[in-house]
Amino acid sequence: MPLNEEQASIIAEPNQNKLICALPGSGKTYLSIRLADAILTDPNTKLLMVTFTNAAAREMQDRATALLGKEKSRRLHTKTFAKIMIEQHKPLLNGRRLIMGGEYDNYILRVVKKLKIDVDNVSIVAQQIEEIGRDIHWQPKNDLASKAYIEIQNMMAMYSRIDLTTLAKELVVGLQSGDIAPLDYSHYIVDEFQDTDSVQFDWLSAHNLPSKHFCVVGDDDQSIYYWRGARGYSNMVAFQRDFKATAYLMSKCYRCAPLILGLAQQLIEHGADRIHKDMASGVEERGRVSIRTFPSDYVSPFTAILESRTKVLGQALPPPTADNKDIEAYRYIVDQIQEDYENWAILCRTNKHLDTLEYALAERGIPAVRLGGKSIFDTPHAIGIAKLLVGVIFPLAHNQLVDGLGWAGEDEVILQTMFYSLHGGGLDAQGVNLKWLDITTDLHSYCRKWQGKGGDVASTDEQLMDFFTVLDRHHGATDAQDIKYREAIARTLKSMLLSMNGPVTERAKKLYKLATNSNKQKPSHKHPGKVVLCTLTGSKGLEWPKVFIMMINRQIIPSSKDDSEDNKDEERRLLYVGMTRAERELGLHWH
């Protein structure tokens, strides 16, 4: 595939710091690989390509290997920011264990309980802790966020844990002080640069030595992770300044038809603090854009058929539930795409709306595939239950027991005392403490009852049933905000464990492995014969022939949670990303 004029000018000088602003569908991955080829023509060069997801790293490495051949590929490494930082940080780890995802969330919940923070503010406090964690120059203040941050750092230190944000900050400080040596690559290419946060930028700056060359590729208009620290436009401007980089633009989009790209451009040009850029479509077909407004009195043909059938049977349709009270609006969406559903991807702001849409598709028998979203095993509840089971089954699983009881709501002082007294025995070896929560006391009795027993299938099943009976008895005794969800996960895990073969020790190990090593499905646009359901955030990096964006309503898109100008710009970029996933047709839905 030949390079266009813009692309050719970018790779003409390999030993140059570059800032490349690339439109959606402009071929930035292909360009990065061709630039890598030009860099590695010099046998003395060594290149690190940095991205954000394992899927993107694998794709980049595979495509590069196919183009470059074995000799050049040996001098090319493609890794995520997280993997690079974890490897480089090893001299500073000092026996601590890295925790992420739901496992880290459980520590947040323990801090919330200890500090008596309103459970409605959990997500806000978690975000504030992350923001403080990224600030290398942070100084404590007399506010709740500072107290929560100090508390979680103390808790992590006590149990020899470390989270990824703290790890990254420690690494940057180590690089700046000289305790950690910079990586020995001569060239660096960073993909999706608009998604970098302040610590990742500082990490890159710590490697900015005269003998090294840096190229960053991104699009400030596609920066949609402000809530997790992405600095988008600010980091792109700072990179050009601090690295004395030459700026390039890839202005031709080979994905979106002209009508689709033109509408997306009209939207995004209202944003402030952005790189103003020309946009041109490389697609000959004009494309189609339609506005679908849901009529307030709309009745789906499917509903009419359903009503007539129930009347024949002498029955009435069941009243709508809280989860699908607006089902007619979702049936309207299905009506719009059912004729050629296999060509469509339906995007929405939240997974909650996709839940109801999935129901509306299922009642028609339309097959759908759901991209992204959290696995059940990557939730604090699943991880907490798995750790608690391992902790009561295995006498020496002290860390798992303490973490599991922490999930169950046990007091932190009790947990700390227990952690230091669990030497050579499990919970059953502890003397009963009258200050324990009831669930801890019941689990203590459970351990004593089953000590040295079990082994056959019948006794294993009974032992598991006893364990979940204890959990069921105490679900409502904690401050958990989502008791029903917690109970549902417990039921799911109980059914899974009872369906397994082997003794209780093997089953507990299998569940623990699933809960602490969960993998999400790899996002893809290739799901033949099915309609694709995805959040706007999850759609980034993907493309489909036809895209339907649902519920572009006030309070949903844009969100009503934050009326600031910065948030409006973020919402505008989020919708822009969704619109530019469409190749031939774009449907925009108002409700």
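This is a predicted model: local features need pLDDT of at least 70, side-chain atom pairs count only at pLDDT 80 or more; totals for chains, interfaces and linings use all residues.
View 1. Asn567 belongs to helix H23, and, when its neighbours within four places in sequence are left aside, the residues in contact with Asn567 are Ser559 and Asp562. Trp227 is 340 residues away from Asn567 along the chain, yet the C-alpha atoms of the two are separated by 9.5 Å.

View 2. Pro558 sits in the loop that runs between strand S15, residues 544-549, and helix H23, residues 565-579.

**View 3. The domains of the chain.** The chain is divided into domain 1 (5-90 + 170-250), domain 2 (97-159), domain 3 (288-373 + 523-589) and domain 4 (380-516). For domain 1 and domain 4, the C-alpha centres lie 45 Å apart.

**View 4. Helix H16 beside helix H22.** Two packed helices are described by the angle between their axes and the distance between the axes. For helix H16, residues 380-393, and helix H22, residues 504-516, the axes come within 9 Å and cross at roughly 150°. Angles over 145 degrees count as roughly antiparallel, and H16 and H22 are therefore roughly antiparallel to each other. The crossing in which H16 passes H22 is left-handed. On the H16 side the contact is formed by Ala382, Ile383, Ala386, Lys387, Leu389, Val390 and Ile393, which meet Val504, Thr505, Ala508, Leu511, Tyr512 and Ala515 of H22. Sorted by class, the residues in this contact of H16 with H22 are 11 nonpolar, one polar and one charged.

**View 5. Helix H21 beside helix H22.** Helix H21, residues 483-499, also packs with H22, and the axes of H21 and H22 come within 10 Å and cross at roughly 135°. That angle makes H21 oblique to H22, and the crossing of H21 and H22 is right-handed. Leu493, Met496, Leu497 and Leu498 are the residues of H21 that meet Arg507, Ala508, Leu511 and Leu514 of H22. By class, the contact of H21 with H22 is made up of seven nonpolar residues, no polar ones and one charged. Ala508 and Leu511 of H22 are listed here, and both are listed in the contact of H22 with H16 as well.

**View 6. Helix H6 across helix H16.** The axes of H6 and H16 come within 8 Å and cross at roughly 90°, which makes H6 roughly perpendicular to H16. H6 contributes Gly102, Glu103, Asp105, Asn106 and Leu109 to the contact, and H16 contributes Pro380, Ile383, Gly384 and Lys387. The residues of this contact of H6 with H16 divide into three nonpolar, three polar and three charged. Ile383 and Lys387 of H16 take part in the contact with H6, and both also belong to the H16 residues that meet H22.

View 7. Helix H17, residues 398-408, is mostly covered, with 10 of its 11 residues buried. The buried residues of H17 are His398, Gln400, Leu401, Val402, Asp403, Gly404, Leu405, Gly406, Trp407 and Ala408.

View 8. Although Asn94 is not a glycine, it has a positive phi of about 50°. Asn94 is found in the loop between helix H5, residues 81-89, and strand S4, residues 97-99, and at 68% relative accessibility Asn94 counts as exposed. Lys116, likewise not a glycine, has a positive phi of about 55°. The loop that holds Lys116 lies between helix H6, residues 101-114, and helix H7, residues 122-134, and Lys116 is exposed, with a relative accessible area of 74%.

**View 9. Asp355 in helix H15.** Asp355 has its place in helix H15, residues 351-362, where Asp355 is partly exposed, with a relative accessible area of 45%. Asp355 and Tyr341 are 14 residues apart along the chain, and their C-alpha atoms are separated by 17 Å.

Note on methods
Residues are numbered from 1 along each chain as its sequence is written. Side-chain values use heavy atoms; hydrogens and water are left out. Axes are lines fitted to C-alpha atoms, for helices over the stretch in contact, and angles run from 0 to 180 degrees between N-to-C directions. Helices (H or I, at least four residues) and strands (E, at least two) are DSSP runs, numbered from the N terminus. Angles under 35 degrees count as roughly parallel, over 145 as roughly antiparallel, 65 to 115 as roughly perpendicular and the rest as oblique. A crossing is left-handed if the near helix is turned anticlockwise from the far one by less than a right angle, and right-handed if clockwise. Contact means heavy atoms within 4.5 Å. Ala, Val, Leu, Ile, Met, Phe, Trp, Tyr, Cys and Pro count as nonpolar, Asp, Glu, Lys and Arg as charged, and the others, Gly among them, as polar. Domain bounds come from an automatic or database domain assignment. Buried means under 20% relative accessible area, exposed over 50%, partly exposed in between (1.4 Å probe, protein chains only).
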